[in-house]
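I am opening these notes to record what I looked up, entry by entry, for someone new to the entry.

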Amino acid sequence: MKLQRKNRVRALAVGALAVSGALALSACGSDDTTGAGGGGAAKPSNIKCDGKGKLLASGSSAQKNAMDVWVQNYSGACKDTEINYQPTGSGAGVTTFLQGQTAFAGSDSALKPDEVTKSKQVCKGGQAVDLPMVGGPVAVGYNVPGVDNLVLDAKTLSKIFNSEIKKWNDAAIKQLNPGAKLPDLKIQPFHRSDDSGTTDNFTKYLKAAGGWKHEPAKKWEGEGGQAASGSAGVSSQVKQTSGAISYFELSYATASKIPTAKLNTGAKEPVEATVDNASKAISEAKQVGKGDDLALDLNYKTKAEGAYPITLVTYEIACNKGNKAETLPATKSFLTYISSKDGQSALKELGYAPLPTEIADKVRATVAKIS
């Protein structure tokens, strides 16, 4: 079984690189370097097919690998519908949706109040709502020769990514890693060059738990460091640059075999970036959206045992009412599938955290009311 699982993960990683531009998914914070190809086509009996033609959507790349599998499964069951999700990033995806060019958008951050107001021009008689669909850990990947069990905390990470801690053998890192052979090596922090929901979530963690000096945002505000485009770009730089460190979805670390830091959260033991540990943190999220809007407030300061605090939730953003007649059937059908138990069950193997039951039930109920 272990060998089969490794082969499957490898196949998923390779498959993502071959995905066509039409199916490429880019997230506000991420890009594509992991896998899509697995899972096999879902049986038509598992998916209720409605609508015909091409369904356009765009946004978050953090959910790319999930979307690739979902699209493959849905297309296998629903031959008359083509799902075309473009990897433009969360910010661009929301903009395109608010311009009425796409049926739904993917975003690693919930809509802002002014964006909800603007959506009423597109959603006739309704408004855009945030539907949590994909959860997962944002890993801190690093490349430090001779160090394969690194522990960091929010305060130290804040200083590293603001160019205040510049060497891997700095006293603050030594204190967190007693006994480790930390080299006298320059730290090379990489951040996203594009507006990114992953950056937004990462800096929210730094601010909440580590005293980050800047305001959290999709646009990088830290001082110094180097930039690369998408999660694919920053993870690639970490892979090839000695002394590098960056943040990206766990699936990118898994695919590229990049070691990830454990986090000292104040719990008894440092917490590893895993799907299960992210799920524990996401389960503490509070709904802050009103009515059909299911925007969540994540607890980045959790000290619960085994709860990994740097998490993100990717939302599908759609009109609760006022969807275009030509896209409503397919939009509702697709969102129904990906929020279903079958759709969510495909996530864990890809490095994502399926939605906690309480949240998933609310999403399904809201999707059922879309009109």
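My notes below take up the disulfides and then the nonpolar cores.

I worked from a predicted model, in which local features need pLDDT of at least 70 and side-chain atom pairs count only at pLDDT 80 or more, while totals for chains, interfaces and linings use all residues. Residues are numbered from 1 along each chain as its sequence is written, and side-chain values use heavy atoms, with hydrogens and water left out.

Entry one. I looked for disulfides, meaning pairs of cysteine sulfur atoms within 2.5 Å, and the count came to two. One joins cysteine 49 to cysteine 78, S to S 2.0 Å, and is left-handed, with -80 degrees about the S-S bond. I noted that cysteine 49 is partly exposed at 35% relative accessible area, whereas cysteine 78 is buried at 2%; buried is under 20%, exposed over 50% and partly exposed in between, with a 1.4 Å probe and protein chains only.

Entry two. Cysteine 123 and cysteine 319 form a disulfide with their sulfur atoms 2.0 Å apart, and this link is left-handed too, at -70 degrees about the S-S bond. Both cysteine 123 and cysteine 319 are buried.

I then turned to nonpolar cores, which are sets of buried Ala, Val, Leu, Ile, Met, Phe, Trp, Tyr and Cys residues joined through side-chain atoms within 4.5 Å. The largest has 88 residues, and those with the most contacts inside it are Trp70 and Ile245. A second, separate core of ten residues includes Phe190, Val234, Ala244 and Phe248.
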